[in-house]
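Subject: Structure handover

Hi,

Here is the structure I promised to pass on to you. Please have a look at it first, and then read my notes below.

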Amino acid sequence: RGLKNRQSPSMTLMSSEIVPQAHSYINLCWIYDIPETDPEFNEHAHDYHELLVHIGGNPYSPSDLGAEIEFELGGRQYTLNTTSSVWLPKGVRQGPMNWKKVVRPHIELSIVLDCGDPKKIYGDTFK
């Protein structure tokens, strides 16, 4: 999709296209700087549970995310600035997600449970 300041498209690590029996979708991307707005990060809800993981890129201080991210989940505002994971229950509104600063590159890993088909998960936004 060619979004700026993030690996785009992201790397699909597992899907039902790779392994037909897979019931999970896993993708990973590097964030290099404040990413260009992505429609996936606007307010939305999924029909599947998701685990969203942000991993800092400093091997000498792995808990330091190197970024500050604000996002909403179920109408509540949260801020991430450490390596962390967030449980996103199916049906709960999430987003928008906004990077406020990026000091160093970091990884964003998404694990969607109970569905390996990204087109079912993301609909028309998946290309």
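The chain has one helix and eight strands. Helices (H or I, at least four residues) and strands (E, at least two) are DSSP runs, numbered from the N terminus. Reading from the N terminus, the order of elements is β-β-β-β-β-β-β-β-α.

Some housekeeping before the details. This is a predicted model, in which local features need pLDDT of at least 70 and side-chain atom pairs count only at pLDDT 80 or more, while totals for chains, interfaces and linings use all residues. Residues are numbered from 1 along each chain as its sequence is written, and side-chain values use heavy atoms, with hydrogens and water left out.

**Confidence**

The mean pLDDT of the chain (the predictor's confidence in each residue, from 0 to 100) is 90, and 91% of the residues score at least 70. Helix H1 (residues 118–122) has the lowest confidence, with a mean of 85, while strand E3 (residues 50–56) has the highest, at 97.

**Overall shape**

For 127 residues, a compact globule would have a radius of gyration near 14 Å, and the chain agrees because its own value is 14 Å. That radius is taken over C-alpha atoms, and the globule rule is 2.2 Å times the number of residues to the power 0.38. Along the principal axes, the C-alpha atoms fill a box of roughly 40 × 30 × 25 Å.

Of the 127 residues in the chain, 39% are buried. Here buried means under 20% relative accessible area, exposed means over 50%, and partly exposed is in between (1.4 Å probe, protein chains only). The accessible surface of the chain is about 7,100 Å², and carbon and sulfur atoms hold 52% of that surface. Those areas come from the Shrake-Rupley method with a 1.4 Å probe; for residues, only the protein chains shown count as cover.

A contact means heavy atoms within 4.5 Å.

On charge, the chain carries 12 positive and 16 negative side chains, and the centres of the two sets lie 1 Å apart. Lys and Arg count as positive and Asp and Glu as negative, with His and the chain ends not counted. Each charge is placed at NZ of Lys, CZ of Arg, CG of Asp or CD of Glu.

Leu65 sits in strand E4 (residues 64–73). Its relative accessible area is 0%, so Leu65 is buried. Leaving out residues up to four places away in sequence, Leu65 touches, among others, His54, Ile55, Leu80, Arg104 and His106. Leu65 and Leu113 are 48 residues apart in sequence, with 24 Å between their C-alpha atoms.

Val86 belongs to strand E6 (residues 84–88). Val86 also counts as buried, because its relative accessibility is 11%. With residues up to four places away in sequence again left out, Val86 touches Glu50, Leu51, Leu52, Phe71, Leu73 and Leu80. From Val86 to Ile121, 35 residues along the chain, the C-alpha separation is 18 Å.

**Backbone points to check**

Which peptide bonds did I find to be cis? One runs from Ser8 to Pro9, with omega near 5°, and another from Gly95 to Pro96, also with omega near 5°. Pro9 lies in the segment before strand E1 (11–14), whereas Pro96 is in strand E7 (residues 94–102). Pro9 is exposed, with a relative accessible area of 55%. The C-alpha atoms of Pro9 and Leu28 are 9.4 Å apart, and 19 residues separate the two along the chain.

Two residues other than glycine deserve a mention for a positive phi. Asn5, in the segment before E1, has phi near 70° and is partly exposed at 34% relative accessible area. Asp114, in the loop between strand E8 (106–113) and H1, has phi near 70° as well and counts as exposed at 56%.

Finally, Leu3 is another residue of the segment before E1. Leu3 is buried, with a relative accessible area of 13%. The C-alpha atoms of Leu3 and Glu36 are separated by 5.9 Å, although the two are 33 residues apart along the chain.

Best wishes
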